[in-house]
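Subject: Structure handover, with notes on what was found

Dear colleague,

I am passing on the structure that we spoke about, and I would be glad if you could look through it with the notes below beside you.

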Amino acid sequence: MNQIHAEIIIVGAGLVGLAAAIAFAQQGKKVVLVVEKKPTIKLKKTWDARVYALTPVTEHWLANIGVWAHVDASRVNSISAMHLFNDVSERPLVLRDEDANLPKLGVIIENQNLMHALLMQLNALNVTLITDASCEKLQHGTDEVSLHVKDSTLITAKLIIAADGVNSWLRAAANIAVKQKDYKQTAIVANFKAQKNHQHIARQWFAPHDILALLPMPDGVVSMVWSVSTEKADELLLLSDDELAQKVLAQSKSMLGDLSLVGATQHFALKQQTAVNLVGKRIVLMGDAAHQIHPMAGQGVNLGFRDVMDMLAITTKLSAMHDIGDGNVLRQYARARAADVAIMNCLTTALNDLFAQENGLLKKLSRWGFKQLNHQPSLKKLLIQLAAA
């Protein structure tokens, strides 16, 4: 049996797993990254249907760990404002970067662009990559954790990080339960070429059980995320490209003029899932293994990157001799992440529930709230700062 000793084992090579491997390797830790399939990605000229809205804080952090230098900047679009519409207000709630003295509210970046940049930076570092190896057994010793993988490799370390997604094998192996909320909604994602200039504005339309987002991308393209009831999604997915474009045109009040589909359409079920504990014995959960939230707030991947940032902030203060998997260290991580995760869960659930209401009184309250916020610079500034953190 092949044996490998490390300080940190990371399972999962999604965005968060790759970022964690890079960041901890740069911190001088001996890192082993375990993945079922070798992470490779070839940049395509066509626009990726899956995009992320990164906050300025996330972008700055990715620059600090050397990832942003590998990003194709020509395929990134900044967000200068957010326009939020509901089905009862005449005017949108407008949040602008200048209202909070910010150069921008964030950026829109394709999954393939960000993944490629992460892999480029990972390849420049001394990270041991175990590929084509699925996890088989997790064991705990007195002062280490051991992971058996199916290629007859045994890896031991002080700490193991579960970044292996929403259906995390490691989370289950550590007997960490999850709390779930099924929104009974499906998100449809696609890109459209817009007739009118999007002006770097991210737009969202809220209606009962129906949230449409059109996010600005380069070359006059907008990325659509349309969250609707699963029943309605099934109907929309049966439409032709032109028919779907007409539905989006009507839902967006023709604000960006005619729309033409660019590339393929994708869809995925929407659920909120949160691990009951973010840590276990010598294990921490990060990214979707720890939490999955509704995409309406655009904070999912930022939340995952903040998992890594908070753990790094804790380990940076430790001496070289300190056990990184010590229970006190992990409890610090759990406390650091608890509030952030809880706030995002509450925010997305509350917004979804509020705009799902058909009650006339609640609709009037929603209209009043939008109007009041537009005339409250201090509250708008607070909202912007929360969104851009």
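Predicted model: local features only at pLDDT ≥ 70, side-chain atom pairs only at ≥ 80, totals over all residues.

Residues are numbered from 1 along each chain as its sequence is written, and side-chain values use heavy atoms, with hydrogens and water left out.

Helices (H or I, at least four residues) and strands (E, at least two) are DSSP runs, numbered from the N terminus. Helix H1, residues 15–26, has twelve residues and spans 17 Å from its first C-alpha to its last, close to the expected 16 Å, where the expectation is 1.5 Å times one less than the number of residues. Eleven of those twelve residues are buried, among them Leu15, Ile22 and Phe24; buried here means under 20% relative accessible area, with exposed being over 50% and partly exposed in between, for a 1.4 Å probe and protein chains only. Just after H1, Gly28 takes a positive phi of about 95 degrees.

Eight strands form an open sheet of mixed pairing, in the order E7-E6-E15-E16-E17-E14-E18-E21, and two strands are said to pair if DSSP finds at least two bridges between them. E7 (93–96) and E21 (291–292) stand at the edges with a single partner strand each, so one side of each has no neighbour in the sheet. Within the sheet, E15 (residues 201–207) and E16 (residues 210–216) pair in the antiparallel sense over five bridges, and Trp205 has Leu212 in E16 as its bridge partner.

Rings of Phe, Tyr and Trp (its six-membered ring) pair if their centres lie within 6.5 Å, and planes under 30 degrees apart count as stacked, over 60 as edge-to-face and the rest as tilted. By this rule there are two aromatic pairs. Trp61 and Phe305 form a tilted pair, at 5.9 Å centre to centre and with 50 degrees between the planes; Trp61 lies in helix H2 and Phe305 in helix H7, so the pair ties together parts 244 residues apart in sequence. Phe85 and Trp205 form a stacked pair, at 5.0 Å and 5 degrees, and since Phe85 lies in strand E6 and Trp205 in strand E15, this pair ties together parts 120 residues apart in sequence.

With kind regards
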